[in-house]
Amino acid sequence: MSYGNQFTAHTQLRLSPFFERTSKLNESQEWRRWGGYLSATKYDLVHDNEYFAIRTKAALLDITPLQKYILEGPEAQHCLDRLVTRNIGICKVGQVMYTPWCDEAGKQIDDGTVQRLGDQKFRITSAEPNLEWILQNASGMDVNVVDDSETTAALALQGPNSRAILNTIDSDSLDSLKFFWMMEARLNDIPVAISRTGYTGDLGYEIWMDPKDALAVWDLLMEKGKPYGITPTGLHALDMVRIEAGLILLDVDYVSARHAIIESRKSSPYELGLGWTVKMKKKDFIGKKALELEQARGPEWEFVGIEIEWNELEDHFRKVGLPPGLPSLAWRISTPIYKNNEQVGYATSGTWSPILKRYIALAHVKSEYAGLGTQLDFELKVEHFRKLTPIKVVESPFFNPERKRSCPL
Amino acid sequence: MSAIKSYDAIVIGGGHNGLTTAAYLARAGKKVLVLERRYVLGGAAVTEEVFPGFKFSVCSYVVSLLKPTIIRELMLPKFGLELLPLESTFTPLDHDYLLRTSDHDQTRREIYRHSPKDAEAYDRFGPLMGQIGMAVRPILETIAPNVIRPSLSDLSATKRLFDHFKALNDEQFEYLTKLMTMSSADFLDEWFEFEPLKATMSASGIIGTFMGPRSPGSAYIMLHHYVGDIDGAFRAWGFQRGGTGAVSMAIARSAKHFGAEIITEAPVEKVIVENGRAVGVALVNGDEYKAEKVISGLDPKLSFLKMVDESDLPSDFVTDIKNFRIRGSSGKVNLALDRLPNFTSLPGDGPHLRGAISISPSYDHLEKAYDDAKYGNFSQEPYIDIILPSVLDPEMAPPGKHIMSCFVQYAPYDIKGGWDDQKREAFGDAVVNTIARFAPNIKDIILHRQVLTPADLESTFGLTEGNIFHGELTLQQLFVMRPAVKWANYKTPITNYYQCGSGTHPGGGITGSPGEMAAKKILRDW
Amino acid sequence: MEHYDIIVVGGGVNSLITAAVLGQSGKKVLLVEAQEQVGGLASTTEFAAGYKCNLVNDVVKWVDPRVMKILDLGSYGLELTSPDIVRIALDINGQHILFHRNADQTATSISTHSKQDAKAWKGFTEYINNLTKFLEKLYELTPPKLPDIGLKEALSLRSMLSPVIKQGTRGLVNFMRVAPMMMPELMDEWFESELLRGALSTAGIHHITQGPFSAATGLNLLHQHVYAKGVFHNVHLVKGGTGNLAGALRKSAQSSGVKIRTNAKVKSIDVANYICSGVTLTKGESLATEKVVSGLDPRNTFINLIGAVKLNPRFHTQIRNLKFRGSAARVHFALNSLPEINGVAKHNMGTVFSVAPSISYLEKAYDASKYGQISENPYVEFTLPSVINPGFAPYGKHVLSATVQYAPYHLRGQSWTKGLKDQLKNNVVRVLENYIPNFSTLIEAAVVLSPVDLEEKLGLTEGNLNHGEMTLDQFFFMRPTMSSAQYKSPIENLYLCGPGTHPGGGLHGTNGFNAAHEILKRQRR
Ligand SMILES: Cc1cc2nc3c(=O)[nH]c(=O)nc-3n(C[C@H](O)[C@H](O)[C@H](O)COP(=O)(O)OP(=O)(O)OC[C@H]3O[C@@H](n4cnc5c(N)ncnc54)[C@H](O)[C@@H]3O)c2cc1C
């Protein structure tokens, strides 16, 4: 390119071990903070390419800023079982479980994945730091808790071609690795762990490694992935696909019960569409009692997918002489939802889905309005004026391809 | 003797509270006169050019507690109020440091370096204190009821407070109760493990107080300092351009704008009391002024044991005022510097010089400093809260030069053998030596040094025993008991004689609150 | 196996009272005690061949009158005597201050130090007496659950009005003023004599972790004077030793059908899903029951016997944050003869002696503990139990028992070794020799009980004699935590009755009595 402007800069923020590469590839030099790290929002000057890479080719994302903790010891499983809502007892070695965890009032603190690395060894990931909470609740148990956030670097390789790329490098084939399972692997003799997980709702993998191997792994993937269209991808594209996949984001779609300073900001898993993760058969876990009560009386709020009806949206804009105004990025501004002019909910994030050609959002609505197909109104700004436009509660995930879970056989 | 002039109200003392009262009364259309003993206004919130070219906020040095309502109602920005934020808190240690800035990620990373657990706790602690600060605000903003003979409005105010506290959730209520009763060290120990962090945070619990961080009651002082508010940002301390005296001057200009008269170098000798009613004041120079109401902005000891005769007061009230605790424990050292200090643990210029620098490496450091004072000595290695105003506002010093403001705990008023020049200098040396432990170049760059002991604070600024808050902020001297039960509502046993200084509810600091609430009470009674 | 309605864990004074009151109401009660005998802090034991001592408390400050009455302790052998001289504050020059039951006599003794103080004395004792009236009423109450206090709870507090009506709001204000005070503040308002100020301040620091310069030592001073009827430093002596208080309680409990098992150490309080179902003994035996009442301190009860894992995180945090930090040690000396105390007549020796020449002396003793050291010159309070009860020592020989502050549980750079205990003992001997010149030559044997020993022997967390510090943040509706201050724990069917609950430590039994009533009240609902 003809404008290869060079510059060096200085930052007080953390840099991931991939920064050496990502900083050079980031043509837009647009960064966002993620967990105190400098994290690319997009590499290209526009993010479209990255979005389509996730859905049609392969995208490579630096997910090192995730918080990671290792729990190890005879009571590691017991400790996790007390902590999270899902049943860790049935999680086999090599399996991964997505789970939220709650405070004693059954309000969600964070969500993440639990990887069973061994009989007595687990890794748990989370959006925000949770060390204090884990340590507090591990007290009196025979378990050792270590902050693994800086000792493990991680990449996400997501998209329909991701498996093919890994298969060209990995000594073992990934063909039989099932959704939410993981395996140890060697990429050109570099030991890594590969889990079939991700935040895109597509076929994809997450690769966990020693930070000292980070650059080698990056280079290898970029090289071998080239024929498959591998594209370094930033947070803008990720935000769009995670909404399409109906995946919630802490601090956007909900507030951690540990940080919500008022009651009304807290949500239970039931209110976040995660009722399926609450395993009441489990002996005891933090928040169980409160959640039992909530389950019995039914949650006050529910978390749903909504779709903004196209025709009316188009009408609104046509009236002022404009084509339909669609967001070019995923948005995160809480937006009111009404029924008969009374506010009954609010959407917390939304996006135009270029693949689906639908304007979709994730929303908290009062339970009585959460039924599929319920018609509601959404606040829309048309040329500086607020309008109401119809929306419908629809099934989420909005995008859920067969390949996400399937294995070639 | 000149003809006796007559006013609606006379305010004794041109401290920032007296000025605030005067401004509010004038704003309500009253004819007001302020009489200040010194040649400058501001009392303990004053800026003076102590050495040629070097201007100092001689006493108070940072502003956070100034009530936003007052800023708006008295239109202070129009009259020169300009608060610049302090960027950081820097705790130098012998081989390391702790630097907290206003950036969340930066601070978290820095604390994480010392303790991962603390980094998380810190994120929850700030908002919690914010909540508790909000929870106590209604008390701070309520005119303390007379609990002995409550009026109807006292009862409704009490009911409102009661309802307010009932509405707090368990957690808030628990922490509030703890903050009212615990030591700051014990309170912080429940949250954090990294000692320099705890010690530095606990230090706001000992400022102006004859207590150590391990003394029960110090947690409240910490909270008192947390209720600060600049632009709604919590615990955001600020520096006033031109020094804290400029805050007082802004209030004075506002008062004048509303029509108040202000006379400096006019020390009041006595309040004239006739038949149990205040009718005016007599100056030291013999001048007399008449007024419908007389309001004292002095501390309770001066207001009641000096300005009026004991015989004009009920004896149990006199006992209460005599028992009112007002021990001074702080000193101030103002340095004119040739250049910036250089800290061994974090050399050179940087954000750490643009905020507060806290010499508080450990609880023990603070406790030992307190131990010295308990037994009648100044601290050999004191706690020092330092700022470099000239870094934020270059006009405070000649070009290229700097000033350093050092607030020091502890310097007891009742020092063994009494304060004299020699002890003052020894105290100044102790402060400089303590700073030199962390910034060795300090000794070479001092051009001038001003040392203020509690005795100096008393003689120069009229602060009895040198107490910076006009009376200790202990549990039994708060709210309905400040300065004495039954008379915590700005009234006094003498009809038409009122009080508005820091010795009244809600206490000391550059808050303007006592002044504002007193004015509102006076206007209500009028 | 026999089934019990209620199992009381621990055999201290409060547990015995709870058991006895519940027994009286017709419940089938079992009390289990780890030691050979009941009594806990009120035990009397042999510490050297032929020498007995009261393990912790030589005197009783006050006993809840409701307990005396309802359990009819008199007829079970409890004899309390009230000495005329309740305390002697030792003076280095032999000008001791004798605290008499009669205020005028005390004033006379004070006048050798300060005429002015002597004049103020009576007023002071009346002032304090008035303030204690508020505590007396407060102590009879089950604390309300704040902040969500309803009309019913508010009404239950109405008994607090009676002292207010008697003394006016001014009285209440005085109480609110003095409770949070530190000793020098209170003393400055009344007295000038160093010795007197020191001697009085000892009431503020009795058995607590803080020094006299700590806020709210005022509250502890008042706490020591509940039901003292204006007698400052009031004490009662138990005939035959403090253990007889426990003995009488045991008999009273047994007569109401309470079954008492000693040598029965509880290994766990059995809890599942926040419901308590019984206890398991170390010997393996599990006892199911409807209700368990724990007389142990909250940390022991919830962390050691139940387990952090079974608690809600918030409650766990609250319990973990409780402050114990025991800071008092006991030293028992076996003496070959009656010591001669300078300037004290033989017939006046059946009382409590204090070594507290000034407030700063006490504060300096405390300073050491802040830095994890034992006091070089400790505050020493001692009695000669063998003078009070001749059976305590072989004929002609004597026992001197001292309570020593400060001896912190949490030491820095050292631990409670024999060497340190010897050092502590030597410090005490050195301090006492100022008043008993040949003291060291009288000693035949000595036993030191450090806070660690107290923890091991009596199961007191961190050796705290009050089952939790007696500070304002652990007072009334905050004792032990805001969520468990009603004697009922957050765990269903589990109650608390020890000094870790309102109104705190001492041999008064109020905690046990209140707890029993709360249990019965809940049953009736
Ligand atoms: C060294 C020091 C540092 C401090 N640091 C801070 C800080 O950083 N931040 C903060 O918020 N607070 C601080 N404070 C506290 C704060 O400055 C005071 O609480 C506040 O300024 C008191 O204001 P006031 O109007 O109530 O009383 P004062 O300021 O004391 O005003 C009383 C006025 O009355 C005048 N006067 C006295 N006698 C007479 C008489 N007979 N006739 C006429 N006038 C008389 C005095 O000269 C004075 O001007 C500090 C105080 C000191 C001393």
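Mentor: Start with terms. Axes are lines fitted to C-alpha atoms, for helices over the stretch in contact, and angles run from 0 to 180 degrees between N-to-C directions. Contact means heavy atoms within 4.5 Å. Helices (H or I, at least four residues) and strands (E, at least two) are DSSP runs, numbered from the N terminus.
This is a predicted model, where local features need pLDDT of at least 70, side-chain atom pairs count only at pLDDT 80 or more, and totals for chains, interfaces and linings use all residues. Residues are numbered from 1 along each chain as written, chains are lettered from A and ligands numbered from 1 in the order written, and side-chain values use heavy atoms, without hydrogens and water.

Trainee: At what angle to E19(B) does helix H15 of chain B run?
Mentor: H15(B) covers residues 421–438. It lies across E6, E15, E16, E17, E18 and E19 of chain B. Its angle to E19(B) is about 125°.

Trainee: Which strands stand at the edges of the seven-stranded sheet in chain B?
Mentor: Two strands pair if DSSP finds at least two bridges between them. The sheet is open, with mixed pairing and the order E7-E6-E16-E17-E18-E15-E19. Each edge strand has a single partner, so one side of each lacks a neighbour in the sheet. The edge strands are E7 (97–101) and E19 (446–452).

Trainee: In E18(B), which residue is the bridge partner of Asn334(B)?
Mentor: Strands E15 (residues 330–337) and E18 (residues 402–409) of chain B pair in the antiparallel sense over eight bridges. In E18(B), the partner of Asn334(B) is Ser405(B).

Trainee: How do the axes of H1(C) and H18(C) cross, left-handed or right-handed?
Mentor: The axes come within 7 Å and cross at roughly 35°. A crossing is left-handed if the near helix is turned anticlockwise from the far one by less than a right angle, and right-handed if clockwise. That of H1(C) and H18(C) is right-handed.

Trainee: What is the relative accessible area of Ala103(C)?
Mentor: Ala103(C) lies in helix H3 (residues 103–111) of chain C. Leaving aside neighbours within four places in sequence, it contacts Trp121(C), Lys122(C) and Thr125(C). Ala103(C) is buried, with a relative accessible area of 16%.

Trainee: How many of the eight residues of H3(A) are buried?
Mentor: The buried residues, including Cys79(A) and Leu80(A), pack against E4, E5, E6, E7 and H4 of chain A. H3(A) is largely enclosed by the rest of the structure, because the number buried is six.

Trainee: Which residue in E8(A) stands opposite Leu71(A)?
Mentor: Strand E4 (residues 67–72) of chain A and E8(A) pair in the antiparallel sense over four bridges. Opposite Leu71(A) stands Val145(A).

Key. Buried means under 20% relative accessible area, exposed over 50%, partly exposed in between (1.4 Å probe, protein chains only).
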